[in-house]
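The sequence and the structure come first.

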Amino acid sequence: MKKINLKGLDEVIYQDECDNGLKIYVWVKPNANHFNGTYVVNAGSEDVKFTVDGKNFEVPFGTAHYLEHYLCSEDDHSPYLKKFNELGSSSNAATYPNYTIFEFFGSNHFEENMNCLLDWTYQKAFDEQEFEKERGPILEECRMYLDHLGRESHSEIQKSLFSVYPSRENGIGTEEDILKISMKDVESFYQTFYHPKNSYVFVSGKVDPVEVIHMIKENQKEKTYPKWIEPKKAKYKEPKKVCRPYFERNFGIEVPRVYISVKVPLKNFSLEEPLVLNIMNLIASANFGSTSTFREELLDSKLAITLGAWVHTERDYLILELSMRTKYPEEVIPIVKEKLNSLEFLEDDIKRKLKVLIANMVLGFENIDEMKDSLIYMISHYGRIIEEGKELLESVDLETIRSVYNEFSPKENCVVVFKPFAKKKDEH
Amino acid sequence: MKKKKYDYDSFQLYTIELDKFKNCFIEVTFRGDVRESSSCIRNFLSNYMILTTEKYSTRREMMIEREELYQIELHSNVFREGYNLFTTFYFDFLHPKYVKDKNYLNHVLDFIMEILLKPNFKNHTIEDSEFSYMKEHAHTQINQYKESPYSYAMVDSLEELFPNSISGKRILGTNEELEAMTKEDVINDYHFMFENSYCEIGIIGDLDMDEIAKYFKNHFYKPSIVTKEIPFEVDNPLQKPRKLEKESPYSQTQLIQFYQLDPFTTFEEEYVSIIFEMVLGNAELSDKLAKYLRGEESLCYYSQFYVRYAGKYAATYVGLNKENVSISLQKIKTAMKEMFHLEKERDFIEEQKTRLMSYLELKYDSSYDILENYYFHEIKGTPLYEEYKENIAKVTVKDLENLAHKFHESLLYILKEKEGEQNEKN
């Protein structure tokens, strides 16, 4: 059992591995009143093209999500989630672009909950009738999202930024995709990716790590899996240029939204991705956040009602995303673009924001469920828990920040505008 | 966990000393009678108070000070329960032991006083630019419900169900109310809020509460003592069942079946109704609605049942395809009918009780939830988590069956999806 000390945060995560390859992470929170167990499979909605033992597979978008639904529903004609209900716990499942999670929350019967979790995705039989029953709810879920601004804008931004990346497509699939997904697609996805060597368990809360690890290992001893053949996920070579520099559409909103996104290859930066991300978020916040004079002026002049900025990564690229509510998209876009071309290195602001970032990191560990999600993202994205996160941030000096600032270029950017539908005469 | 109440006549402090979290949390609530105030103006006022103050007269200055205080989290909320209008200011900050500045806690408390006692009413007015900026924001907030079919259906259906009752009134008000509001209205409402509301301050964290109480006693000022009883329930008379269908621009049909309620006993209100909700429509995929609508018929992705006893109503919600409205209604009726005869579901009911107990344990991991529970216990008599655990166990099948008789079908609201192509694009 390896002990990972998150330096300066008074947090410890224990790590181990079962004989069959299933990794275990246990984050102990002695004061917590509840626990959580999450089973993570490293395959998600973007894994639509893969090769197994020389054989190529291509499944429709939405396949990983359909499988997640099927695994929740399928169990002798009653939902699998009912098993956790019987133990007085809650459960959930979710499909992300690169991984899928199955989880429970509870405060009693840890062992029973954990065994139930470990059985959830194990040796599933596929039944055509059960499989078809899930199509209706998935189609309704898809229709529900059609009116969801956040989902639709994200989807259009991805389509504008990227020409090749699968993030261009809707994770749960379009109505057409969903109708196309066959049980064979779902089954082959399951056979390919749902294996302990491609999964891990993350446990958090009031638990004893030694007992938890022992329990999981004992459970896994009873299980037999086919020989693991590592699938090769498709690799995508994404051009540096944005796919659609400008795009607009109408949507059921009251005030227009403008999204301006900048695409920068991560290889342009000399530092590691997590640090670049933190530093770029500081720079973006200083220039566009709530303490920036640019934002204040934009809002005072009523050209924008809100302005937000965040930085994230998408495979080989760093993305700086700005979002605005504005009644005057045409006027605002050139002003913001000009600002992007003349980002300032605001020393005092950056110093203050660095202090805030560190404080937030400390406080973040108070929210067990949110932090658990962040740690899972970290493991699936970086392949490890970053132990030295706080130390790294504390060691950042202005020169380091300036180097990232100098390596950033806003040249490749795209604009997505959502406008309200024209109102009929009798509407107000 | 050490709870202590400090009564300073015109305001009360409810404190919980607890060494569990790295943050501390303070909430300041002004609680008045909704019939005497405009929630539209109050919402504007509360947003204005956290945006700028006398000392931090621009939004930027305010944000810089918040960052200096290690990003103290600050927001306000205006909400209603029965005839009570709550205006609450929330302050969430890092425990002083993580900060080098020895005066950090005092700085935080000074900042809170600045927000509460020194609003930005320079020369007894609000600057034109700030007033119009805030109005623009408020209009956006008011109109936002139209951007989601679920929110639209919730707001619109309540207006249809209760056109003449406070229960049907939008808490944010209307665009017309907002337009008619003057700067004087906002300033007057600030003074009205201080003079005519109960003021209740909740504090949780590993802090010396006697010292904090002393600080509030010396620095906080509220002019008058309020003693008026404000009911936590609105008596909405029963209405005959009726059906209302409306067209919409959305992609999915929204169906809400309302029920109005006969009076519940306290035991029913506090405990039985929660289990009733879980069995009928709030148990993940295991509840009756999910079983019939999603599990058996594949009609929907999401369904829900909830009770709002403060307004004496309950509702079943489903998002679905318009072709499936009739069959869904039949299934909803079947599910509700089954609530009269639950003997066969004894095990399932016990499971839901256990699940609720487990959920209550989860609440102890949130400083906000612990404080809210204590606060509502003190002002309204809502059970403490310990009491919930004790009494939930006592809920019987018979209790649930009896409660089913108190639900009467009322408005059936259907917001129909748009015709033709679902997702128009340029």
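Which residues in helix 12 of chain B meet which residues in helix 14 of chain B? The model is a predicted one. In it, Lys353(B), Leu356(B), Met357(B), Leu360(B), Glu361(B) and Lys363(B) of helix 12 meet Tyr385(B), Tyr388(B), Lys389(B) and Ile392(B) of helix 14. By class, this contact has six nonpolar, no polar and four charged residues. Helix 12 of chain B covers residues 346-363 and helix 14 of chain B covers residues 385-392; their axes are 10 Å apart, at an angle of about 170°. Angles over 145 degrees count as roughly antiparallel, so helix 12 of chain B is roughly antiparallel to helix 14 of chain B.

**Helix pairs**

| Helix pair | Axis distance | Angle |
|---|---|---|
| Helix 12 of chain B and helix 14 of chain B | 10 Å | about 170° |
| Helix 10 of chain A and helix 16 of chain A | within 10 Å | roughly 85° |
| Helix 13 of chain A and helix 2 of chain B | within 9 Å | roughly 50° |

Within chain A, helix 10 (residues 273-288) and helix 16 (residues 398-407) cross at roughly 85°, which makes helix 10 of chain A roughly perpendicular to helix 16 of chain A. On helix 10 of chain A, the residues in this contact are Val276(A), Ile279(A), Met280(A), Leu282(A) and Ile283(A); on helix 16 of chain A, they are Thr400(A), Ile401(A), Val404(A) and Tyr405(A). The contact is made up of eight nonpolar residues, one polar residue and no charged residues.

**Between the chains**

Chain A contributes 69 residues to the contact between the chains and chain B contributes 59 residues. Together the two chains bury about 6000 Å², with 48% of it on carbon and sulfur atoms. Asn85(A), Arg143(A) and Asp147(A) are the residues of chain A that lose the most area to chain B, together 11% of what that side buries.

There are 35 residue pairs in polar contact across the interface. Several elements of chain A each supply at least two residues of the side that touches chain B, among them helix 5 (135-146), helix 6 (149-161) and strand 8 (100-106). Helix 13 of chain A gives the most to that side, with nine residues. By class, the side of chain A that touches chain B has 22 nonpolar, 21 polar and 26 charged residues.

Helix 13 of chain A also packs on helix 2 (residues 59-68) of chain B, at roughly 50°, and the two helices are therefore oblique to each other. Asp349(A), Arg352(A), Lys353(A), Lys355(A) and Val356(A) make this contact from helix 13 of chain A, and Arg60(B), Ile64(B), Glu67(B) and Glu68(B) make it from helix 2 of chain B. Two nonpolar, no polar and seven charged residues take part. The side chains of Arg60(B) and Asp349(A) form a salt bridge, at 4.0 Å from N to O. The count of salt bridges between chain A and chain B is 13.

Definitions and conventions. Residues are numbered from 1 along each chain as its sequence is written. Chains are lettered from A and ligands numbered from 1 in the order in which they are written. This is a predicted model: local features need pLDDT of at least 70, side-chain atom pairs count only at pLDDT 80 or more; totals for chains, interfaces and linings use all residues. Side-chain values use heavy atoms; hydrogens and water are left out. Contact means heavy atoms within 4.5 Å. Buried area is the accessible area (1.4 Å probe) that two parts lose on being put together, summed over both. A polar contact is a pair of N or O atoms within 3.5 Å; within protein, one must be able to donate a hydrogen and the other to accept it, and residues adjacent in sequence count only if both atoms are side-chain atoms. Helices (H or I, at least four residues) and strands (E, at least two) are DSSP runs, numbered from the N terminus. Ala, Val, Leu, Ile, Met, Phe, Trp, Tyr, Cys and Pro count as nonpolar, Asp, Glu, Lys and Arg as charged, and the others, Gly among them, as polar. Axes are lines fitted to C-alpha atoms, for helices over the stretch in contact, and angles run from 0 to 180 degrees between N-to-C directions. Angles under 35 degrees count as roughly parallel, over 145 as roughly antiparallel, 65 to 115 as roughly perpendicular and the rest as oblique.
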